[in-house]
Amino acid sequence: PIQPAIQSVVSDYRQSLVQVTEDPVNGDRTLVLGYSDGIDEFFVLQTKGGGNPFSEHPAVRNVNATSAHAIASYDDASMRAYVFHESGTTYWVVGSGSLARLKDVSFRICQQAVTGN
């Protein structure tokens, strides 16, 4: 797992939660990190193992995996969610629909997962 280096994107948010959850069906363990500014909150989840859930998607399958990376996204008025897979780990960045900077947070975490910085 990585410790997200996101202070340059959301400097007003501090880590408020660290816990590991276990899926009762398949036993997958997920690291859950919560961040809050005292009012709003978002979460970064990291699950190691398993295959890339996007490997068969045409947009991902048809690119050179060593030079291109994809982030799946869902945005509506109540929720934003970003998901990507890198080096055997699936990452989720999830928060409220009002947190417009969450997209930048997911880009930064993806960059960190790819480069190690």
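A polar contact is a pair of N or O atoms within 3.5 Å; within protein, one atom must be able to donate a hydrogen and the other to accept it. In this predicted model, such a contact of 2.6 Å joins the side chains of Thr30 and Thr47.

Thr30 lies in strand S2, which spans residues 29–36. Its relative accessibility is 11%. The residue therefore counts as buried, since the cut-off for that class is under 20%. One comprises Gln19, Val20 and Thr21. The other comprises Leu45, Gln46 and Thr47.

The protein as a whole contains two helices and six strands. From the N terminus, the order of elements is β-β-β-α-β-β-β-α. Of contacts between residues at least 6 apart in sequence, 45% join residues at least 24 apart.

Overall dimensions were examined next. The radius of gyration is 14 Å. This agrees with a compact globule, because a chain of 117 residues would then have a value near 13 Å. Along the principal axes, the C-alpha atoms fill a box of roughly 40 × 30 × 30 Å.

Buried residues account for 33% of the 117 residues. The accessible surface comes to about 6800 Å². Carbon and sulfur atoms contribute 53% of that surface. The protein carries 8 positive and 12 negative charges.

Methods
Residues are numbered from 1 along each chain as its sequence is written. This is a predicted model: local features need pLDDT of at least 70, side-chain atom pairs count only at pLDDT 80 or more; totals for chains, interfaces and linings use all residues. Side-chain values use heavy atoms; hydrogens and water are left out. Helices (H or I, at least four residues) and strands (E, at least two) are DSSP runs, numbered from the N terminus. The radius of gyration is taken over C-alpha atoms; the globule rule is 2.2 Å times the number of residues to the power 0.38. Buried means under 20% relative accessible area, exposed over 50%, partly exposed in between (1.4 Å probe, protein chains only). Contact means heavy atoms within 4.5 Å. Accessible areas come from the Shrake-Rupley method with a 1.4 Å probe; for residues, only the protein chains shown count as cover. Lys and Arg count as positive and Asp and Glu as negative; His and the chain ends are not counted. The place of a charge is taken as NZ of Lys, CZ of Arg, CG of Asp or CD of Glu. Lists of a residue's contacts leave out its neighbours within four places in sequence.
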